[in-house]
Amino acid sequence: MPAQLEPFQDSSSARAELVPFLMTQFTGEGACNTEQWLKRMAYWWDENPFAHAHPCRGWVLRDAGQVVGYLGVIPTFYEDSSGRPIPALIATTWAVAEDHRNAALAMGMMLQRQSRSALLVDTTPSPEVQALLQRWGWISRTQIRRSLIIRGISLARLAGLMNSDLLPLTNGREITTDLHRVQSIDPARPQKFVQKHVTPEYLRWYAASSMREHHFIGIVDPQGQLSSYLMLTPKSVKGVSSWKVMDWFTTHDTNRELLAMVGHLIGKSPAVHGNWWPFISLAAFMPEDPWTGVSQAYQREEAVNHFYCLPPEFKGQDIRSVMAEGDWGL
């Protein structure tokens, strides 16, 4: 009897059954012990403020009752150019036992069918999966321009970096690294893109991930309404210690507030404790460049693997990409 593919029916016992299989499949990058896998699943499906966006939790492949394959999804929301939420699914943890590789295509087709009603996002490192998604017509974003900004006021001035933090903020807005100050999100939108949907609850959830250290910096008004933010992680970029900007968001048509936050970070850290990281690392999915106006110490092209499948009603719309998409850091 061939292996059977079925929806993953989430429960405590189903998670406990799945974990040993995942531990055998992920032994290098992405390896987790039992406690870490269970904690990740609770984060994806219990603590996630967007868990109600879609009922799907993935698919499991069984042979003689044993788990031999799994393709998971994390529910989330994107939004259209007016800020209207779009249900979305993030692909995660696709693994198939070697003897059942012929079932991988059927698993992928189950994910593909969800695009009838949900936006799909995948940042798979697998060349085989990337080729499959391209054949299916997914939108691919595979190149960025990576830039490094020197931190430290005196060094930045020597490098000719504009002092962005001197740009005045309007309407009583100020820069904060305290997420508890964020009470709401400015409803204004640039009217250009499909992009990640942002709420105060989402930001707190994302910042709390156990898989990667995240630090928030944002701009709020006196009532705690957020208009722009950056999410950063301390990470070495080709051996260079940097504050890497993983996510950015602004409700304005200009990048003025983004530059103000970059300028602020030249002299101040987003973390209360920790080492001084001498660079800020910025990524631009060209042709859009949110960092125009910042003098950069170094630039290079870099390959990435961001893939999107839009529901029929949103076909043809532009997508605003950031590094923190897919299950990176989740």
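**Pockets, strands and core**

Author: In this predicted model, the lining of the second largest pocket divides into five nonpolar, five polar and five charged residues.

Reader: Which residues that line the second largest pocket are the closest to its centre?

Author: The space in this second largest pocket comes to about 210 Å³. Of the 15 residues that line the second largest pocket, those closest to its centre are Lys 192, Phe 193, Trp 248, Asp 253 and Glu 288.

Reader: Which element gives the largest share of the lining of the largest pocket?

Author: The largest pocket holds about 1400 Å³ of space and has 40 lining residues, with Phe 26, Thr 123, Thr 124, Pro 125 and Asp 327 lying nearest its centre. Among the elements that give two or more residues to this lining are α2 (34-45), α3 (104-113) and β14. The largest share, six residues, comes from β4.

Reader: In β14, what is the bridge partner of Arg 145?

Author: Strand β14 (residues 298-309) runs antiparallel to strand β5 (residues 119-122), to which three bridges join it, and there Asp 122 has Phe 307 as its partner in β14. Strand β6 (residues 139-150) also pairs with β14 in the antiparallel sense, over nine bridges. For Arg 145, the bridge partner in β14 is Glu 301.

Reader: Which residues of the largest nonpolar core touch the most other members?

Author: Beyond four places away in sequence, the contacts of Tyr 229 include Val 198, Phe 216, Trp 248 and Met 261. Of the 64 residues in the largest nonpolar core, those touching the most other members are Leu 203 and Tyr 229.

Note on methods. Residues numbered from 1 in each chain as written. Predicted model: local features only at pLDDT ≥ 70, side-chain atom pairs only at ≥ 80, totals over all residues. Heavy atoms only, no water. Core = buried A, V, L, I, M, F, W, Y, C linked by side-chain atoms within 4.5 Å. Buried < 20%, exposed > 50% of the residue type's maximum accessible area, 1.4 Å probe, protein only. Contact = heavy atoms within 4.5 Å. Pairing = 2+ DSSP bridges. Helix = DSSP H or I, 4+ residues; strand = E, 2+ residues; numbered from the N terminus. 1 Å grid on protein atoms, 1.4 Å probe; cavity = no way out; pocket = protein on both sides within 12 Å on 5 of 7 lines; lining within 4 Å. Points joined across faces, edges and corners; volume = space filled by probe spheres on them. Nonpolar A, V, L, I, M, F, W, Y, C, P; charged D, E, K, R; others polar.
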